[in-house]
Amino acid sequence: MRKKGTFEGDVYYPSNDVINQANVREFDKLYQMSIENRDGFWAEQANELEWYKKWDKVLDDSKKPFYKWFTGAKTNIVQNAIDRHLKTWRRNKIAIIWEGEPGDFRTFSYHALNREVCKFSNVLKSMGVRKGEIVTIYMPQIPELVIAMLACAKIGAAHSVVYGGFSVEALAERIEDANSKVLITADGGFRRGKPTNLKGIANEAIKRSPTIEVCICVKRTGEECFMENDRDFWYHDLMGLPIANAKCDTEVMDAEDMLFILYTSGTTGRPKGQVHTHGGYGVFTSTTHRMVFDIKDDDRWWCAADPGWITGHSYIVYGPLINGTTIMMYEGAPNHPYPNRWWQMIEKYGITVLYTSPTAIRGLMRFGDAWPARHDISSLRLLGSVGEPINPEAWKWYYKVIGNEKCPIMDTWWQTETGGFMITPLPITPLKPGSATKPFFGNEVAVVDDKGKEVATGEEGILVIKNPWPGMARTIYGDEKLFVDTYWKDFKKQGWYKTGDSARIDKDGYVWVIGRIDDVIKVSGYRLGTAEIESALVSHPDVSEAAAIALPHELKGNAIHSYVILIAGKAGSKELAEELKTHVANEMGPIAKPEDVIFTDSLPKTRSGKIMRRVLKARALGQDEGDLSTLED
């Protein structure tokens, strides 16, 4: 009997307690069934939800790759995220616990959340928002952001959430692409003790976006901001008017009707608006959330992302609310005013599951073990990781220091385009630190070369998904050709989805995602993943974070240049740089030895925490840095 999770070699085995309490206790047999009878599996999951009318067909693949799910069904994601809970004891269950960075907090039961959503739905209707239109939302992480998303969905409008740290250009571009008439924003939010000026940025973006007729603004910081007559309205004023009736019918939607668009930006080209729908997305996010994180009725779930990203859409808002979960939301920075902010909140609110990014874990790891040790975080029973491959050192710290060696880590791989988890463990899965383990039910994946031939075990190649799934993006808004060309053209003959990531599969069938295909360095003909080099650097006790890039080299073709953030209290030196080069060579072999090690206090990152290696490369080569709209600072 395993009373605690244990390591045997490099494999972690969950405790018997974890296995015995799991919602899913047998993986292989259920996985096999989900592959052999994919429609049957997804129909069974869909039957966990309520529908105004059931589907005629689970999957319509008559117009590949424009797959449709649950065709003929009538639903609305709000029917399952709120309405059905009002008929049960969950009506009075806490839906949202929210804490602001200054320390203020609010809670909403499912009943109270419904009231606010109904009121704001009626406000939007009075402002002329109609079914099928796209409303742009640009807000800090406050409850009104979730209320606005749900209100749009309730009346059949789609939402386009633009992360509250984006620039004027990024916001204007997304408003224009979505042709939005209504923008919902706030005067600002709090970040590291300072108010941000969202309304100022929104005003500038509206100047460039002639489609905007109405701007609704939430008063959060109380800072002065310009409000234009007959265009700008305070949220609290509107919610106090008779138009904000607390009763509103949920619009009956087709399963394939658009729920939202969310923009992804690559290294080139305009941002791409990924289209997600009410039916398939609702089934997929709720199923993955329930099974992977083993959700129980008494859980307090904290996905420490922002609703402005797909992680927030799927696993702060829709998946957890459909499952009737209590959600934690926090407005500010993880280390403000001190590095114990997260641990303090876990203790205060009794959080049971924490889902965050490797960047956040490494950032907090820098401050050592003493900060979390000051708090009782024993309420945690599961941990999760999202956004990029987690290096083994960060995995082990997260497991030992935060999870007290009892919380399995659900290291999930997925994308904005996939809508939800695609490769992921379950709590019962033996884990290998750094691997996302195996495909979720219904999914088959492969690692192939450019021609679509599967590479040998342990070899690196292109990660592809061989099958459709309910949460998949249906298209790129307004550009079906770009959708096909980006994701489906390269392996059209096989009908596979190209993820854009490189990976390898080991002898046990575990998938190791290495990073974006663009983030692979070729040195003297050898392909090296930036994530592997960075993991080697971070495994040195003095290193907190690292980034690796390739720069041209006369003999090798490319040489590795690395940027390193040291743990608090350590200083860079020539001696340490040489030590780190040798350390990487010892860990990975001489071919991976960096040409140069540069010490830095920060790295250019997207606001979702991914290192922007192309920016480092452009700076090093004196080239144009390209689109920086997603850059954190």
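**Exercise 1. Is Glu405 buried, partly exposed or exposed, and what is its relative accessible area?**

Before we start: this is a predicted model, in which local features need pLDDT of at least 70, side-chain atom pairs count only at pLDDT 80 or more, and totals for chains, interfaces and linings use all residues. Residues are numbered from 1 along each chain as its sequence is written, and side-chain values use heavy atoms, leaving out hydrogens and water.

*Solution.* 
- Step 1: Find Glu405 in the loop between helix H15 (392–402) and strand S22 (409–411). Helices (H or I, at least four residues) and strands (E, at least two) are DSSP runs, numbered from the N terminus.
- Step 2: Recall the cut-offs: buried is under 20% relative accessible area, exposed is over 50%, and partly exposed is in between (1.4 Å probe, protein chains only).
- Step 3: Glu405 has a relative accessible area of 34%, so Glu405 is partly exposed.
- Step 4: Look at the backbone too: the phi of Glu405 is positive, near 60 degrees, though the residue is not glycine. Most residues other than glycine have a negative phi.

**Exercise 2. Which backbone oxygens does the side chain of Arg84 reach?**

*Solution.* 
- Step 1: Go to the loop between helix H4 (77–81) and strand S6 (94–99), where Arg84 is found.
- Step 2: A polar atom of the Arg84 side chain lies 3.2 Å from the backbone oxygen of Asn80.
- Step 3: The side chain also reaches the backbone oxygen of Ile322, at 2.5 Å.

**Exercise 3. Find the two cis peptide bonds described here and place their prolines.**

*Solution.* 
- Step 1: Lys64 and Pro65 are joined by a cis peptide bond, with omega about 0 degrees. Pro65 lies in the loop between strand S3 (57–60) and strand S4 (68–71).
- Step 2: His336 and Pro337 are also joined by a cis bond, again with omega about 0 degrees. Look for Pro337 in the loop between strand S19 (326–330) and helix H12 (341–349).
- Step 3: For context, most peptide bonds are trans.

Note on methods. A polar contact is a pair of N or O atoms within 3.5 Å; within protein, one must be able to donate a hydrogen and the other to accept it, and residues adjacent in sequence count only if both atoms are side-chain atoms.
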